[in-house]
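Please look through the sequence and the model shown here, and then follow the explanation below.

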Amino acid sequence: TVAIIDSGIGGISVLKKLISKYNFGNYIYFADNLNMPYGNKSEKFLTKRIKEIVDLLLTNYKVDLIIIACNTASCVVSKLNMSKVVFLNFDRKETYLTTPLTAKLQNKPNFVKDRTLAQLIETNINHKERLRKIIKRHIKIKNLNKHKNLILGCTHYELVEDIFKELCSNTKIICNSENILKDITINNKELNVVFITSKQSNSYVENLKELLRS
């Protein structure tokens with residue numbers, strides 16, 4: 001059983017890639033929608049919160065592996081010694097587009113931070129044309145299309161990878177989650193996905209399921 005943790009819908013991009021690669025698997029998707037977005041939280045808060053979620057999953061479910069599908073939370077977890085937990089890393093030289101806390105924790109010159117885009121994607125994911133206009137505006141403000149390569153350092157951004165590729169036609173768009181998927185092996189013969197949210201909402205869970213199907 002593989003558990004995937006994200007602040008909201010972003011980690012669906014990781015789950016979709018795992019299912020696409022292996023076809024099968026037993027997955028638990030934990031969306032901490034009560035505390036979304038993580039990118040504007042403090043390091044202290046996230047450290048405590050991720051420990052709580054990991055402990056919950058290990059205590060209540062037979063979890064073999066936990067994927068931290070949030071780039072910001074991955075920066076925090078990388079400083080901790082947590083068993084059965086894998087996380088995203090930032091070891092490439094290309095430009096990263098990230099949340100403010102990710103940029104702060106990495107403290108590298110090749111990071112471009114965006115304070116609001118993850119939240120805007122979360123709230124507008126079902127409005128494609130509106131989302132396209134939002135991303136176009138952010139690309140212009142941040143001059144993102146001037147880069148030869150651009151790494152999407154937030155899984156919310158990966159959900160709209162196609163829009164980034166369309167609007168940055170001369171830039172190679174790279175998903176940061178790709179760096180851990182190659183090291184994960186799924187041996188199940190059936191597909192099963194369970195969704196857990198920190199803020200109970202049937203409509204939110206249905207939206208997660210729809211995103212997974214899309």
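How many aromatic pairs does the structure hold? The structure holds five of them, where rings of Phe, Tyr and Trp (its six-membered ring) pair if their centres lie within 6.5 Å, planes under 30 degrees apart counting as stacked, over 60 as edge-to-face and the rest as tilted. This is a predicted model, in which local features need pLDDT of at least 70 and side-chain atom pairs count only at pLDDT 80 or more, while totals for chains, interfaces and linings use all residues. Residues are numbered from 1 along each chain as its sequence is written, and side-chain values use heavy atoms, with hydrogens and water left out.

One of the five pairs is formed by Tyr29 and Phe195, a tilted arrangement with 6.0 Å centre to centre and 55° between the planes. This pair links distant parts of the chain, since Tyr29 lies in strand S2 (residues 25-31) and Phe195 in strand S9 (residues 191-197), 166 residues apart; helices (H or I, at least four residues) and strands (E, at least two) are DSSP runs, numbered from the N terminus. Tyr29 counts as buried because its relative accessibility is 0%, and Phe195 counts as buried at 15%, where buried means under 20% relative accessible area, exposed over 50% and partly exposed in between (1.4 Å probe, protein chains only).

Tyr96 and Phe111 also form an aromatic pair, this one stacked, with 4.7 Å centre to centre and 10° between the planes. Tyr96 belongs to strand S5 (residues 95-98) and Phe111 to strand S6 (residues 111-113), 15 residues apart. Tyr96 is buried at 0% relative accessibility, and Phe111 is buried at 10%. Together with Phe90, Tyr96 and Phe111 form one aromatic cluster.

Turning to the helices, the axes of H1 (residues 12-22) and H10 (residues 202-213) come within 9 Å and cross at roughly 45°, which makes H1 oblique to H10. Axes are lines fitted to C-alpha atoms, for helices over the stretch in contact, with angles running from 0 to 180 degrees between N-to-C directions; angles under 35 degrees count as roughly parallel, over 145 as roughly antiparallel, 65 to 115 as roughly perpendicular and the rest as oblique. Ile12, Leu15, Lys16 and Ile19 in H1 meet Leu208, Leu211 and Leu212 in H10, contact meaning heavy atoms within 4.5 Å.

Finally, Met82 sits in the loop between helix H3 (71-77) and strand S4 (85-87) and is buried, with a relative accessible area of 19%. Leaving aside its neighbours within four places in sequence, Met82 is in contact with Ile50, Lys51, Val54 and Val77.
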